[in-house]
Structure formats: structure tokens, C-alpha cells
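Student: I've got a chain to go through and I'd like to talk it over. Can you take a few questions?

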Amino acid sequence: MLRVRMSAKDAHYGGNLVDGAHMVHLFGDVATELLIKQDGDEGLFCAYDMVEFKAPVYAGDYIEAYGEITHVGNTSRKMKFEAYKVIRTLPEISASAAEVLEERILVARATGTCVTPLDCQRYNKPAAKKAVAKKAPAKKAAAKKAAATVKKAAATVKKAAAPVAKKAAAKKAAPAKKAAPVKKVAAKKAAPAKKAAKKTTAKKK
């Protein structure tokens with residue numbers, strides 16, 4: 001529960017009327033307190049399902065805001081909120097006159113959902129671990145599937161690249177292969193001259 005006095009700076013409209021958004025702001029603070037008590041973490045406010053403003057609030061009024069967790073999921077916490085006026089100002093008497101209300105007045109109410117991530121839940125470890133363990137096999141299967149896809153893609157790329165590499169190697173070897181017969185012919189043509197030179201040398205001796 002939070003008790004707050006609405007000050008002059010909280011007044012947003014004529015006649016010192018406080019805007020309804022200020023009540024929603026109080027509900028947010030109440031939700032944070034509830035999450036700290038539940039999980040040991042401030043958590044996050046996900047969404048409001050319903051907000052109703054039931055009575056006007058003026059500068060100088062005292063407001064009490066209440067909240068309650070109505071449902072606890074793995075990470076979600078559903079809540080309901082109510083804000084009551086417990087002290088009101090009496091401007092018709094004087095600028096500083098006020099009174100404690102015998103019966104408090106409901107000024108706003110709401111319902112909403114908050115979330116506390118599993119790794120942030122400090123007071124609910126067994127449930128958090130159970131939820132993580134439940135997700136683990138699916139996560140492992142997804143990783144295995146991804147690895148198989150990568151392996152398959154690599155094999156496809158390798159298969160596609162093989163003919164190109166083979167063609168490139170053959171093209172590179174072609175000049176050397178073509179040069180071999182030319183070299184052989186040149187050697188054949190040079191043989192008689194070499195033989196004659198050898199014969200002349202032997203005769204001189």
C-alpha cells in the first residue's frame with residue numbers, strides 16, 4: 001500500500017484537478033513493490049487490461065493505492081489495483097481546511113500484467129529452474145538442426161566448387177602438356193647436329 005498527498009504541482013487542470021495518469025503512476029509503484037516481494041526484482045510492467053477513473057482527485061487530497069497479485073505464471077504476474085481518497089481538502093471553508101473521510105472514496109481501479117524474467121527471479125528458483133529445464137531440450141534440438149543445416153550447406157558449396165576447381169587445374173596444366181611435344185621435336189631436330197659435332201671432335205683427336 002502507498003499513501004501519497006497530491007501537491008499543487010500534481011494538479012494539471014483548472015480547479016486544482018489532478019490528472020488520472022497520476023493514479024496509473026501510483027499503480028506502477030505498487031506493482032514494483034509487489035514484484036520485489038514476489039521475486040526479489042523490480043520486473044517490468046507489460047500492459048494494463050483495464051483502467052477506470054471513478055472520482056475526481058484534487059491537490060491536497062490524500063490517496064492510498066493498493067495492489068494484489070491475482071495469478072502467477074512462469075514469468076507473468078497478473079495484478080489488480082485500487083486507489084482511494086482518504087483525506088480531502090475543504091476549499092469552501094478555507095485554503096488549508098481538510099478532513100479525514102469516515103468512508104474512503106474509490107477514485108480509480110485497474111488490472112494489468114507484469115513480467116519478471118526467469119534469470120531475475122531470486123525467490124522462486126525451483127519454478128524458474130523447472131521452466132528453463134523444460135525449454136532446454138527444444139533449444140538443444142534447434143541448435144542441432146542449425147548445425148546440420150550449416151553442414152549440409154557447406155557440403156553443397158564444396159560439391160558445386162569441385163568441377164570449377166578441376167577445370168581450373170586442367171587449364172593450368174594445359175600449357176605444360178602442350179609444350180612437352182614441342183620440346184621433344186626440338187630435341188629430335190637438334191640430335192643430328194649434336195651427333196655431327198661429336199663425330200668432328202672425335203676425328204680431330
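Student: How long is helix H1 from its first C-alpha to its last?
Tutor: Keep in mind that this is a predicted model. H1 covers residues 21-39, which makes 19 residues. At 1.5 Å a residue the expected reach is 27 Å, and the model comes close to that. The span in the model is 27 Å.

Student: Which residues of H1 are buried?
Tutor: An α-helix has 3.6 residues a turn, so residues three or four places apart point the same way. With buried meaning under 20% relative accessible area, the list for H1 is His 22, Met 23, Leu 26, Phe 27, Val 30, Ala 31, Leu 34, Leu 35 and Asp 39.

Student: Which strands do those buried residues pack against?
Tutor: The chain has 7 strands in all, and its elements run β-β-β-α-β-β-β-β-α from the N terminus on. The buried residues of H1 pack against E1 (2-5), E3 (17-18), E4 (44-53), E5 (62-72), E6 (76-89) and E7 (98-115).

Student: Is Gln 121 buried or exposed, and what is its relative accessible area?
Tutor: Gln 121 sits in the loop between E7 and helix H2 (125-204). A polar atom of its side chain lies 2.8 Å from the backbone oxygen of Asn 74. Gln 121 counts as buried because its relative accessible area is 0%.

Methods. Residues numbered from 1 in each chain as written. Predicted model: local features only at pLDDT ≥ 70, side-chain atom pairs only at ≥ 80, totals over all residues. Heavy atoms only, no water. Helix = DSSP H or I, 4+ residues; strand = E, 2+ residues; numbered from the N terminus. Expected span 1.5 Å × (residues − 1). Buried < 20%, exposed > 50% of the residue type's maximum accessible area, 1.4 Å probe, protein only. Contact = heavy atoms within 4.5 Å. Polar contact = N/O pair within 3.5 Å; in protein donor to acceptor, adjacent residues only side chain to side chain.
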